[in-house]
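User: Hi! Could you walk me through this model?

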Amino acid sequence: MDFIGANILSVGQFERADIDRVFQVADTMGPYARREKVTRVLEGAILGNMFLEPSTRTRLSFGAAFNLLGGTVRETVGITASAMAKGESLYDTARVLSGYSDVICMRHPQAGSVAEFAAASRVPVVNGGDGANEHPTQALLDLYTIRKELAGKGRTLDDFRIAMIGDLKHGRTVHSLCKLLCLFEKVHLTFVSPPELAMPAELVEQLRAVGHTVDVTDQLESSISHVDIVYSTRIQEERFASQEEANLYRGRFRLNREIFTRHAQPNTVIMHPLPRDSRAEANELDTDLNEHPSLAIFRQTDNGLLVRMALFAMLLGVEDKVDDYARPVTWQSRRTPI
Ligand code: NCD
């Protein structure tokens, strides 16, 4: 695909070669993300960051990625803080915001809304999550993480096993990740959820149609025993009709050090798109795993920066010029090494 000026709305628009290119560019972003070098390649460009649902890492990493390439970020956060609270349409908002921006990232509670917004925008729009539908950049960073973690063990994205756990019905990150996995060979997926929160049937069919093996279960322990990746997710309580209904499922599947040690292989990689719900009644991924070397959740968030930098560079056509606008860092960074 031609990335320059493209909208990134769904992972369905990617072919395998496109993913490879994004990952290749992401691999070159490390020195900038680690503040070993500074680049001004996007100097003068403006990112319009419009987040109409709660977000910490997606919004901040889009913004930080754009800043690290030398661009400027303008933000609107929350529907009540935007003119949408006065009844302004997606169309008008897109026409206006695209006059102020060179690229827009948008998160919105309704499925399909970001695509509607993009249709009216005059600049590329990146979907930062539209309801329970998709979260394409999260899927890219998840896949980039899986690729890196497997590579450390001499393995590739073709032929690995992954268990996805939790709210697979409403989780947009797992929806996008499953679609992306259809581009690879011989993936074995185990979906662990209460039957009411199962992975949508059309996604299961799509995975099986490309030759992947899919098991569906509501048993956590047995499903993590022979997998390379465990991908835990939060119950998406904001998508339920009531908090009471969401409460029926919170805390149903809890991965902690004891269960992991007893049932999983020690080198099974633990992932989660975050935020994890660390309240006692949920706690789907226990903090007692924080120091476990298999816990990749913060490697995931760091990788998010690289992947989002790569996407911005490609959408604005500067991926080959990043180093031309580089200079040494002038300040003293005192980051604790990971
Ligand atoms: C996810 C999301 O918003 O879909 N978070 C994220 O972007 N990393 C997952 C979630 O909210 O549970």
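User: How far is a polar side-chain atom of Arg107 from an oxygen atom of the ligand?
Analyst: The distance is 2.9 Å. This is a predicted model, where local features need pLDDT of at least 70, side-chain atom pairs count only at pLDDT 80 or more, and totals for chains, interfaces and linings use all residues. Residues are numbered from 1 along each chain as its sequence is written, and side-chain values use heavy atoms, with hydrogens and water left out.

User: Nice. And what lies 2.8 Å from a ligand oxygen atom?
Analyst: That would be a polar side-chain atom of Thr58. On the backbone side, a polar atom of Pro273 is 3.0 Å from a nitrogen atom of the ligand.

User: How much of the ligand does the protein bury?
Analyst: The protein buries 95% of the 320 Å² that the ligand exposes when taken alone (Shrake-Rupley method, 1.4 Å probe).

User: Which elements give two or more residues to the shell around the ligand?
Analyst: Those are helix H3 (57-68) and helix H7 (172-181); helices here are DSSP runs of H or I with at least four residues, and strands are E runs of at least two.

User: Switching topic: where is Glu237, and is Glu237 buried or exposed?
Analyst: Glu237 sits in the loop between strand E9 (229-232) and helix H10 (243-247). Glu237 is buried, at 17% relative accessible area (buried is under 20%, exposed over 50%, partly exposed in between, with a 1.4 Å probe and protein chains only).

User: Which side chains does the Glu237 side chain touch through polar contacts?
Analyst: The side chain of Glu237 pairs with that of Gln243 at 3.0 Å and with that of Arg279 at 3.2 Å. A polar contact is a pair of N or O atoms within 3.5 Å; within protein, one must be able to donate a hydrogen and the other to accept it, and residues adjacent in sequence count only if both atoms are side-chain atoms.
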